[in-house]
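Let's take a look at one protein chain together. Have the sequence and the 3D view ready.

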Amino acid sequence: MSGLPSTNPTDIGDAVARHPVDVESVLADVAGVLNVQHARLSRIVERALVDDEWQGEGIHSPAQWLAWQSGLSLGRAREIVRIARRRVEFPMVCAAFDRGELAVDQVAAVMRAPAWADELVVDFARAATVQQLRRTMRSEFFEPDPDAQPPEPSADDRDRIATGTTEAGRWRINGELSVDRGGIVEAAMTEAKDSLFERGQVDATWADALVEVCQRSLDAITSPSRRDRFKIWVHLDAASGGTTTTTGWKLPATVREHVLCDGHVQPVWEREGVPFNVGRSQRIVPDRTRRVVERRDRGCRVPGCSHERFVEVHHIVHWLEGGSTDTSNLICLCPKHHRMHHQGRLGVVGNADDLGGVVFTDWQGRVLDPCGRPNPPTGPPAKPAVTYRHPVGGRLDTRWVGLGWVHPKALERRRQAARSRRSVADDR
Ligand SMILES: [Zn+2]
Ligand SMILES: [Zn+2]
């Protein structure tokens with residue numbers, strides 16, 4: 001800490017107050033320390049991603065895990081996870097980050113550049129503000145590898161999509177679209193896949209993504225809520241307790257309980273196995289009760305879970321076992337945690353009206369810790385190798401940006417072309 005009498009970095013605020021020191025140099029010191037620690041955080045996350053150390057009972061995604069463990073916002077945690085995933089692609093940028101020369105937001109912004117430009121953009125990243133980096137790290141400012149261009153589509157390509165069934169009775173889709181229209185489909189599917197990933201389906205496939213896009217489209221027409229999808233016909237045999245769907249499939253008990261927690265029931269009266277009357281469809285949890293429970297819980301109640309929308313209402317004592325639809329017996333769970341509970345991988349017991357009254361346990365019966373706590377510092381944090389220098393802060397003319405950001409191969413092509421032009425001129 002240059003110019004400071006204190007050796008304890010936590011005293012910097014006091015030191016500034018007591019001694020007439022250069023505030024900006026203190027800021028540079030603190031910024032450097034922060035950068036080094038953020039870089040360290042990204043390396044820890046990088047390792048946790050490789051070893052899957054972030055996975056746990058209440059955890060949907062690495063970002064959610066990091067936000068929980070560190071007390072950071074989900075947005076900042078996502079940024080650090082993105083950096084951690086791309087560290088190997090940006091060795092130069094990350095080296096500067098590790099030395100304390102780049103702030104975490106600068107690194108996140110500069111990583112929007114293509115990976116081949118790592119060495120080309122690192123100096124600019126040191127001098128530019130986050131705003132300037134966000135504005136300039138766009139594809140049009142980069143001249144890519146000429147060999148990486150996608151092949152030109154042939155002129156007689158028509159857009160077509162065909163669906164049908166296979167001999168095995170499975171639904172089939174195939175077809176092709178122009179690159180621009182296909183881009184729309186791909187963007188939607190990529191977004192859906194990312195959103196499934198964020199919601200905990202880390203192994204989501206393109207098939208899952210396509211179904212997700214279609215389900216959202218249907219939701220937008222009929223109802224914004226996912227729970228209406230649980231409106232399926234279930235025949236309950238009062239005598240045997242067995243459950244079948246209309247098509248006669250037997251439902252496993254776990255699926256039956258999951259569906260009946262927050263579904264619609266529609267009584268079907270039968271006489272000697274023949275239905276003769278169908279009653280009115282009713283929610284197991286009445287709408288008014290559901291609103292009270294949703295307002296009370298404001299999202300999934302599992303510790304560490306950040307899901308607020310698309311929650312399902314779960315009966316702590318199951319409805320089929322006489323559990324009431326009073327608010328004390330109802331609790332909001334996200335779809336993933338609801339499924340986990342009915343698969344026996346997450347225990348939920350207690351009085352839901354009492355905010356600390358519900359105990360969640362993992363599959364081994366261990367109680368889930370309600371929150372992560374930071375460890376108090378045991379010594380001064382690691383100092384940066386060099387003093388942080390803030391961005392230049394001047395006006396940025398985007399016209400000059402990108403002049404140097406040409407893929408090495410493209411640059412070599414240009415030089416060759418210039419050389420051959422010169423030799424042709426020399427021959428004349
Ligand atoms: Zn349930
Ligand atoms: Zn949850």
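## Ground rules

Two residues are in contact if their C-beta atoms, placed from the backbone, lie within 7 Å. This is a predicted model, where local features need pLDDT of at least 70 and side-chain atom pairs count only at pLDDT 80 or more, while totals for chains, interfaces and linings use all residues. Residues are numbered from 1 along each chain as its sequence is written, and chains are lettered from A and ligands numbered from 1 in the order in which they are written.

## The whole chain

The chain has 14 helices and twelve strands. Helices (H or I, at least four residues) and strands (E, at least two) are DSSP runs, numbered from the N terminus. Of the 428 residues, 24% are buried. Here buried means 20 or more other C-beta atoms within 10 Å of a residue's own, exposed means 12 or fewer, and partly exposed is in between.

## Helices that meet

Start with helix H3 (residues 62-70) and helix H4 (residues 74-86): their axes come within 8 Å and cross at roughly 120°. That angle makes H3 oblique to H4. (Under 35 degrees counts as roughly parallel, over 145 as roughly antiparallel, 65 to 115 as roughly perpendicular and the rest as oblique. Axes are lines fitted to C-alpha atoms, for helices over the stretch in contact, with angles from 0 to 180 degrees between N-to-C directions.)

Who touches whom? Pro62, Ala63, Gln64, Leu66 and Ala67 of H3 meet Leu74, Ala77, Arg78, Ile80 and Val81 of H4. Sorted by class, the residues of this contact are eight nonpolar, one polar and one charged. (Ala, Val, Leu, Ile, Met, Phe, Trp, Tyr, Cys and Pro count as nonpolar, Asp, Glu, Lys and Arg as charged, and the others, Gly among them, as polar.)

## A covered strand

Now hop to strand S9 (residues 312-315). Glu312 and His314 on one side, and Val313 and His315 on the other, are all buried, and both faces are covered. S9 runs antiparallel to strand S10 (residues 330-333), with four bridges joining them; strands pair if DSSP finds at least two bridges between them. His314 stands opposite Ile331 in S10.

## Two loop residues

Aspartate 52 isn't a glycine, yet its phi is positive, about 60°. You'll find Asp52 in the loop between helix H2 (23-51) and H3, and it is exposed, with 9 other C-beta atoms within 10 Å.

Arginine 298 also has a positive phi, near 45°. Arg298 is in the loop between helix H12 (287-297) and S9, and is exposed, with 10 other C-beta atoms within 10 Å.
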